[in-house]
Amino acid sequence: MVKKKRLRLIAEMARKIRAYRELKNRPRDSQRYALDYDTMTRPFSGKKLPVLAWKDVQRETRLFSLLSGMRMFGLGRLFTRKSWLDEHTEPCYWKITKVKVDYTAENMDHGKAWGVLTFRGKEEPKEREVDKVMYHDWRLVPKHEEEEFRRCEPVPEPAARSVRYPPLLRAMILAQQAKEQGVEVSTLPEPLLPLKRVVTLNQEYFRRQDELKKQEGTPV
C-alpha cells in the first residue's frame with residue numbers, strides 16, 4: 001500500500017510568510033543608492049565611490065532627478081547619456097514609455113522606468129526596463145532638438161569574416177559531411193569558421209530568466 005504524503009500546511013504557510021517578510025523588508029532603491037555628497041559614500045552599504053567619479057557625480061544628474069521635475073514624469077521624451085555622446089557618433093537614446101516612482105523617496109527621485117532603446121541608430125523591437133538609472137550622467141534631449149538628434153545615416157554592416165579550419169579539424173568535418181551526404185569529399189565546399197562571436201548568455205538572457213523565476217514563485 002502506498003503511503004500517503006503528509007500535507008505540511010503550517011510549514012508551507014510559514015515559508016510563505018517568511019518569503020513575504022523578506023520581500024517587504026528588502027531595502028528600496030532610494031535606500032540602496034542614497035549618496036552622501038560630502039563624503040561620497042553610500043550610507044546603506046558604506047561603500048565610497050571611485051575618486052575619478054567624484055567630479056562628475058557632483059555636477060551630473062540621475063535619470064529620476066530629471067523625470068521628477070517634468071510633466072507626466074517625462075513619458076514620451078528622449079533621454080541619452082554623457083558616455084554615449086562621448087563614445088558614439090550615432091544616436092543612442094531611451095524613449096520613456098512607463099515609469100514606476102518610489103513615492104517614499106525624498107523628492108520622488110528614485111524608481112524604475114521602462115522604454116525603447118535606440119543604440120547606435122538601431123531601435124530595439126520592444127520596450128524593456130531602463131538600466132543604470134542611478135548613474136550620474138543622464139541628459140534630456142530638448143524637444144526642439146529631438147528630430148535632429150534622431151537623424152542618422154545607416155552604416156552598412158561589415159561583411160562577415162571567416163577563416164579556414166585547422167587541417168585535422170577540417171579533415172574531420174569534411175569526412176563527417178561526406179558520410180552524411182554520401183558524396184565524395186572533393187565535391188564538398190570548403191568549411192569556414194566565422195570570426196563573429198555569437199553571444200547567447202547576454203544580460204537580456206539573464207533578465208528574462210529572473211522574470212520567469214519570479215512569475216513561477218521560485219527564489220532567484
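Q: How many Å separate the centres of domain 1 and domain 2, taken over C-alpha atoms?
A: This is a predicted model, where local features need pLDDT of at least 70, side-chain atom pairs count only at pLDDT 80 or more, and totals for chains, interfaces and linings use all residues. Residues are numbered from 1 along each chain as its sequence is written, and side-chain values use heavy atoms, with hydrogens and water left out. Domain 1 covers 52–150 and domain 2 covers 162–204, with bounds from an automatic or database domain assignment. Over C-alpha atoms, the separation of the two centres is 44 Å.

Q: What volume does the largest cavity have?
A: A cavity here is a set of points on a 1 Å grid over the protein atoms alone where a 1.4 Å probe fits but cannot get out. Points are joined across faces, edges and corners, and the volume is the space filled by probe spheres set on them. The count at 30 Å³ or more is one cavity, and the volume of the largest is about 50 Å³.

Q: Is F73 buried or exposed?
A: F73 sits in the loop between α4 and β1, and has a positive phi of about 55° although it is not a glycine. The cut-offs are under 20% relative accessible area for buried and over 50% for exposed, with partly exposed in between (1.4 Å probe, protein chains only). Because its relative accessibility is 19%, F73 counts as buried.

Terms used:
1 Å grid on protein atoms, 1.4 Å probe; cavity = no way out; pocket = protein on both sides within 12 Å on 5 of 7 lines; lining within 4 Å. Helix = DSSP H or I, 4+ residues; strand = E, 2+ residues; numbered from the N terminus.
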